[in-house]
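Colleague: I am new to this structure and would like to learn how to read it. Could we go through it one feature at a time?

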Amino acid sequence: MKSSSDNEITKPAKDLPKESQEMDTSEQVLDLKRDPDYEKLMEHYQKGEKELSLMVLNTLEKRYQAHPELLRIKDDLQFKSSVKDLTTKFEKGEKRESRKATLNLAIFAIVGTILVMLAFYLTSRFLITRTVEEVVDQNVGQLTSLQGQVESLLNRGRPGPAAEIIETMREINPNWGALPELTERVETLLDLEARYNQALALVAEGNRAEALAIFQSIEAQQPGLWDVRRQIDTLDDSVQVNALLEEGANAFASGDWGTVISAYESAMALDPSIGDPRVTEQLLGAYLNDIERILQDQNAPIEDIETAEAYYRKAAGMLPQGGGFASQRARLEELDDLLQERKYARMARDIYSDPNQNLSTVGSAVSYLKRAAAINPENDALALAVQNAESYQTGFSHFAALDWAPAIEAFNAILASESEFLKPHARVLLYEAYFGYGKSLAGAGDPEGALTALEGAEDLAWAERGNLMKLFQVQLLIGDINWGAGNFEAAFAAYQDALENIDGMTRLEAAPDTQRNYVEALSFAENALYDNAYENFQQVRDTINVIYTFSAVTVENGSTLAFFANNNGSTIHAVNQANDLPEDVVVTFSGTLQVPSIEN
């Protein structure tokens with residue numbers, strides 16, 4: 001609690017009497033001015049030291065309550081303080097706004113600076129990147145171009161210049177992707193080039209076989225390089241030529257004329273420049289000797305004869321002009337005549353051996369033989385062959401016309417000849433002519449004449465046991481003619497001979513019914529029951545195909561059926577029966593026939 005004295009001190013002046021107040025104020029003014037603290041107050045006040053002024057003022061107010069001067073100073077200080085506060089506040093606000101503006105400006109400046117720096121960075125980066133890309137693009141284009149040059153050089157087999165370009169590429173970009181492959185290719189090609197030069201050196205030294213092996217290895221590793229293929233061909237030819245010349249010389253020493261010719265001709269084909277007189281002489285001798293060898297072979301085929309003719313022409317071309325080779329030329333002329341004679345005779349024989357022979361080709365064969373005989377009129381054997389050929393042509397012409405009697409006469413003339421030429425052909429046709437003539441006479445009511453003709457066929461069939469069908473067919477026909485003539489015993493003797501001569505009983509085991517009919521026929525015949533025997537035997541004949549073997553044979557229009565039948569173990573009559581053909585000897589169509597035969 002405040003004391004009463006404090007209350008008195010702080011009591012406002014307005015509560016005092018007016019006269020008392022005025023008196024006190026006057027006294028206070030005098031006392032105040034004499035107060036040392038007042039002087040301090042004024043000093044601080046005048047200096048504007050607000051805080052110090054207020055401190056001294058508060059002290060003085062306690063002494064001089066409600067002193068007007070102090071109140072005035074206090075109000076003034078308070079005013080100044082308020083103004084100052086406002087100023088300070090304003091200044092602080094301004095400073096705050098200024099700082100804010102400064103901060104914003106700084107931020108803006110910083111952001112702007114960053115943006116500028118970023119723009120500069122991006123621009124620089126873009127320019128640098130673009131520059132780098134331009135440089136890279138330029139390098140890529142240059143490297144690509146250089147790579148193309150290297151590949152072109154490698155493809156042309158030039159590893160040296162290619163290696164230099166690769167070094168340039170490595171300086172531009174050692175990491176260029178194609179460098180390892182290109183380097184490897186260059187190294188490989190350099191190695192091949194070294195081997196190539198080694199092979200050339202070996203060729204120069206005459207070591208062709210070793211050089212050839214190197215060239216072949218290069219070609220195998222990289223085909224088509226440089227002129228390796230040509231070198232191989234040349235060396236291969238050279239090596240082959242040497243080998244062939246050696247082979248020819250060895251063959252000449254052993255008398256192997258065919259090998260001499262083959263070896264020397266092959267060598268000369270590989271190297272036409274061969275001019276070794278020894279080779280020429282040996283080749284000429286081989287031609288002459290091989291021509292003579294072919295001429296000595298009476299059965300030499302036309303191909304061998306034509307080969308001999310070619311040898312003659314080559315030998316004639318090899319003989320130089322002059323008297324030094326007169327004997328050789330004379331011998332060649334003799335050989336040429338012999339070759340022409342042998343050629344025409346061979347051409348004729350080939351016609352006669354052809355189952356497709358016809359009237360036209362048979363006429364050509366006669367013409368060839370006459371040419372051969374004209375070349376060598378002193379050849380008696382050839383003259384007889386011409387006579388047989390003319391008889392054969394006559395008989396063949398009558399045979400084709402089914403004019404049997406003159407055909408038989410012509411073919412018998414051949415069989416009576418001293419020459420064996422065409423006798424086998426005449427026998428084939430003569431059998432068929434006798435058979436046809438016998439049927440013809442039997443049909444004309446002349447069984448005796450028919451049997452006489454068939455006996456001729458039977459004799460030929462007995463002489464040729466290789467064709468069982470011939471004997472079987474002619475004996476059956478003899479039996480039929482005897483039966484027709486009423487000679488029953490002779491007929492069944494012929495029937496029995498026909499089957500026994502082909503071992504018919506054994507063959508019929510595969511057909512029990514037919515075999516039984518045959519046995520019964522024989523029994524009836526032994527008991528002179530010929531009608532019953534004939535009936536049973538006809539049943540046997542109806543099923544006689546069981547003993548035949550059939551084969552398919554292709555024939556041509558105009559061919560003579562006799563040779564096809566004979567070559568397949570049959571007869572014209574059997575073939576015509578098997579194929580339901582008319583009784584003809586010449587095929588009037590092209591096709592396939594079933595040819596029956598009896599296995600021997």
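Colleague: At what angle do α9 and helix α10 pack?

Modeller: Helices here are DSSP runs of H or I with at least four residues, strands are runs of E with at least two, and both are numbered from the N terminus. An axis is a line fitted to C-alpha atoms, for helices over the stretch in contact, and the angle between N-to-C directions runs from 0 to 180 degrees. In this predicted model, α9 and α10 (residues 257-270) pack at about 155°, with axes 8 Å apart. Angles under 35 degrees count as roughly parallel, over 145 as roughly antiparallel, 65 to 115 as roughly perpendicular, and the rest as oblique. The two helices, α9 and α10, are therefore roughly antiparallel.

Colleague: Before going on, what are the ground rules for numbering and confidence?

Modeller: Residues are numbered from 1 along each chain as its sequence is written, and side-chain values use heavy atoms, with hydrogens and water left out. The model is predicted, so local features need pLDDT of at least 70 and side-chain atom pairs count only at pLDDT 80 or more, while totals for chains, interfaces and linings use all residues.

Colleague: Is the crossing of α9 and α10 left-handed or right-handed?

Modeller: A crossing is left-handed if the near helix is turned anticlockwise from the far one by less than a right angle, and right-handed if clockwise. The crossing of α9 and α10 is left-handed.

Colleague: Which residues of α9 and α10 meet?

Modeller: Contact means heavy atoms within 4.5 Å. On the α9 side the residues include Leu-244, Leu-245, Gly-248 and Ala-251, and on the α10 side they include Val-260, Ala-263, Tyr-264 and Ala-267. By class, this contact of α9 with α10 has twelve nonpolar, four polar and two charged residues. Ala, Val, Leu, Ile, Met, Phe, Trp, Tyr, Cys and Pro count as nonpolar, Asp, Glu, Lys and Arg as charged, and the others, Gly among them, as polar.

Colleague: Is Ala-251 buried or exposed?

Modeller: Buried means under 20% relative accessible area, exposed over 50%, and partly exposed in between, with a 1.4 Å probe and protein chains only. Ala-251, in helix α9 (residues 228-254), is buried at 6%. Not counting residues up to four places away in sequence, Ala-251 touches Asp-256, Thr-259 and Val-260. Ala-251 and Ala-263 are twelve residues apart in sequence, and their C-alpha atoms are 8.7 Å apart.

Colleague: How do the axes of helix α8 and α9 cross?

Modeller: The axes of α8 (residues 208-221) and α9 come within 9 Å and cross at roughly 145°. The crossing of α8 and α9 is left-handed. Among the residues that meet are Leu-212 and Phe-215 in α8, and Ile-232 and Leu-235 in α9.

Colleague: What is phi of Trp-226?

Modeller: Most residues other than glycine have a negative phi. Phi of Trp-226 is near 45°, a positive value. Trp-226 lies in the loop between α8 and α9 and is partly exposed at 28% relative accessibility. Asp-503 also has a positive phi, near 60°; Asp-503 is in the loop between α20 (488-500) and α21 (504-507).

Colleague: Which residues touch the most other members of the largest nonpolar core?

Modeller: A nonpolar core is a set of buried Ala, Val, Leu, Ile, Met, Phe, Trp, Tyr and Cys residues joined through side-chain atoms within 4.5 Å. The largest has 59 residues, and those touching the most other members are Tyr-352, Leu-369, Tyr-392, Phe-399, Phe-411, Leu-429 and Val-474. Helix α17 (residues 423-443) gives the most to this core, with nine residues. Leaving aside neighbours within four places in sequence, the contacts of Tyr-352 include Leu-369, Tyr-392 and His-425. A second, separate core of 29 residues includes Leu-284 and Tyr-312.

Colleague: How do helix α13 and helix α14 pack?

Modeller: Helix α13 (residues 326-352) and helix α14 (residues 359-375) pack at about 160°, with axes 8 Å apart. That makes α13 roughly antiparallel to α14. Tyr-352 in α13 and Leu-369 in α14 are among the residues at this contact.

Colleague: How many helices and strands are there in the protein?

Modeller: The protein has 25 helices and two strands, and buried residues make up 36% of its 600 residues.
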